[in-house]
Amino acid sequence: MAGRIWIGFLAVVAIAAGLFFLERPRTGLEIRELRAGPTPITLMQEPGADGPLVVIAHGFAGSRQLMAAYQLTLARAGYVTASFDFEGHGRNPVPMSGDVTSVDGTTRLLMDEMARVTDAVLAETGAEPRVALLGHSMASDIVVRQGVRDARVEAIVGISLFSQAVTEELPRNLLIVNGALEGMLRQEARRVMAAIGAEEGETAGTPGEGFARRAVAAPFVEHVGVLYSPTALAEARAWLDRSFGRSVTAAPVAAIGPAILLALLGVVLLARALGGALPEGRGPAQAAPGRFWIMAALPAAATPLLLAPFDTRFLPVLVADYLALHLAVYGALVLAVAAWAGTLPARRGWIWGLALAAYGLIAFGGVMDRYVASFFPVAGRIPIVAAILPGAILAMLADAVLLEAGRARLWRRWTARFLFLASLGIAMALDFERLFFLLIILPVILLFYLSFGLMGGWVGRRTGSVMAMGLGLGIILGWALGVTFPLFDPGA
């Protein structure tokens, strides 16, 4: 009891401290919402700021929240800043469309959307018509191409940049920022700099005085960490200050990454304390080693082979339709083998599963939605969540069976989840052209296991209920996947 109270106390302190440090950079800023047609936009600026304007764009499967560290840093430096959700992403109700393989397809449509956002913000704020564009990953190509096309754009910052539109002459004012762990993208940045006789870490030309280009690597971070790196934030701000002839800002940047982790850690720890108050129950039967291997390996190998011959496209979301079927078939096969092995558990504890789902979606999801990425769906995503949900529940019930409601030995837990991920890898290898977007769910799955998976394991171990663990995690997984994948309608 005393240990549970202490854990709960530490969890509340972590949540409070994390939220304090997340809200502090917003203090004093004017923050408001507007739309450019259906595109949702968040404006941030110091009171009275009149520009220049910085338009900030997220990457594939991202949303405005992912770019908050850059927006807060630049808004506090006196810029008028605007972040937005691309079509198909976040709370934008319009799906992505066009040919994703053609510059004149999806790329051109996203460039047009960025132009509409720029026009709407300039009209709304009255900011001076001097513009900078900042984009991450997928959006780095969009900001380069749009920056070349739009004469108002005087500076471009590409985060994790790859764009075939970068030449020795264009764009004329470009900063490239990669994470030090982004090996392939750093090689591309070095190639771009070598073409003009410079190296990574050097600046060619002078920002704001004709041609200028620089490439830097933020230490110790990768494709997502670069969005929170103090080095990357400071480099972006300094580049724009020089580009617009402003004094280089020396104030601290909004490095909110540690605060996000602290708040989410607190939410997870609080689940540990609350889970300890649940009624204790006896766990499910343990499968013999041979039967465990059959339950874990056979469905993982069979599922992608069974689905490979079929056209699984039935949802207006990239590869989520395939994933819904993969989860369902995998889960059903594991449960069928469990029934054969005599380890199919009793159907008890569903109420604790619903409680786990509610806590995860409201507490963890609330922090995610405000500070990390869009987690609460627009109306158009509700059918997507509903379509994924049955398969997700089956898959997580299967996961709970293999993990014996969280009480299995460590090697069994690691083996079961590794084989599940390997199953998705086999599917991608069998049809890489169509399913390579499955790569985007790997961070989602890893975050899921590190956060919700821990919470589900604690509930399962305490109650001994496969149903509590599997149902709760299944609802959360279906929800998380339904709000992550971009809406896509190629014929729109």
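Phe220 is exposed, with 76% of its area accessible in relative terms (exposed means over 50% relative accessible area, buried under 20%, and partly exposed in between, with a 1.4 Å probe and protein chains only). The structure is a predicted model, in which local features need pLDDT of at least 70 and side-chain atom pairs count only at pLDDT 80 or more, while totals for chains, interfaces and linings use all residues. Residues are numbered from 1 along each chain as its sequence is written, and side-chain values use heavy atoms, with hydrogens and water left out.

**Backbone geometry**

- Phe220 has a phi near 70°, a positive value in a residue other than glycine.
- Phe220 belongs to the loop between strand S9 (212-218) and helix H6 (230-243); helices (H or I, at least four residues) and strands (E, at least two) are DSSP runs, numbered from the N terminus.
- Ser160, also not a glycine, has a positive phi of about 50°.
- The loop between S6 and S7 contains Ser160, and this residue is buried, with a relative accessible area of 2%.
- A cis peptide bond joins Leu170 to Pro171, with omega near -10°.
- Pro171 is located in the loop between S6 and strand S7 (173-179).

**Nonpolar core**

- The largest nonpolar core comprises 165 residues, and Leu134 and Leu240 are those with the most contacts inside it.
- Such a core is a set of buried Ala, Val, Leu, Ile, Met, Phe, Trp, Tyr and Cys residues joined through side-chain atoms within 4.5 Å.
- Helix H16 (residues 466-484) gives the most to the largest nonpolar core, with 12 residues.
- Not counting residues up to four places away in sequence, Leu134 touches Val54, Val55, Ile56, Ala57, Met67, Tyr70, Leu74, Val143, Val157, Ile159 and Ala236 (contact means heavy atoms within 4.5 Å).

**Cavity**

- One cavity of 30 Å³ or more is found in a search of the whole structure.
- On a 1 Å grid over the protein atoms alone, a cavity is a set of points where a 1.4 Å probe fits but cannot get out, and lining residues have an atom within 4 Å of a point.
- The largest cavity holds about 60 Å³ of space, where grid points are joined across faces, edges and corners and a volume is the space filled by probe spheres set on the points.
- The lining of the largest cavity consists of Pro284, Ala285, Ala287, Phe292, Met295, Thr343, Pro345, Val401, Leu402, Glu404, Arg412 and Val466.
- Helix H8 (289-307) and helix H11 (382-402) are the elements that give two or more residues to this lining.
- The lining residues of the largest cavity divide into nine nonpolar, one polar and two charged (Ala, Val, Leu, Ile, Met, Phe, Trp, Tyr, Cys and Pro count as nonpolar, Asp, Glu, Lys and Arg as charged, and the others, Gly among them, as polar).

**Salt bridges**

- The whole structure contains 21 salt bridges, each being a side-chain nitrogen of Lys or Arg within 4 Å of a carboxyl oxygen of Asp or Glu.
- Glu87 and Arg116 form a salt bridge, with their closest N and O atoms 3.7 Å apart.
- Because Glu87 lies in the loop between strand S4 (80-84) and helix H3 (103-125) and Arg116 in helix H3, this pair ties together parts that are 29 residues apart in sequence.
- Glu87 counts as buried at 12% relative accessibility, whereas Arg116 counts as partly exposed at 38%.
- Asp119 and Arg152 meet through their side chains in a salt bridge (2.9 Å, N to O).
- Asp119 lies in helix H3 and Arg152 in the loop between helix H4 (138-149) and strand S6 (153-159), so the pair ties together parts that are 33 residues apart in sequence.
- Asp119 is partly exposed, with a relative accessible area of 40%, and Arg152 counts as partly exposed at 25% relative accessibility.
- Asp104 and Arg108 meet in a side-chain salt bridge (3.1 Å, N to O); both lie in helix H3, four residues apart, about one turn of the helix.
- Asp104 counts as exposed at 60% relative accessibility, while Arg108 is partly exposed at 28%.
- A network of salt bridges links Glu33, Arg64 and Asp85.

**Helix contact**

- Ala328 belongs to helix H9 (residues 320-341) and is partly exposed, with a relative accessible area of 21%.
- Not counting residues up to four places away in sequence, Ala328 touches Gly391 and Leu394.
- Ala328 and Leu394 are 66 residues apart along the chain, and their C-alpha atoms are separated by 5.8 Å.

Definitions and conventions: 1 Å grid on protein atoms, 1.4 Å probe; cavity = no way out; pocket = protein on both sides within 12 Å on 5 of 7 lines; lining within 4 Å.
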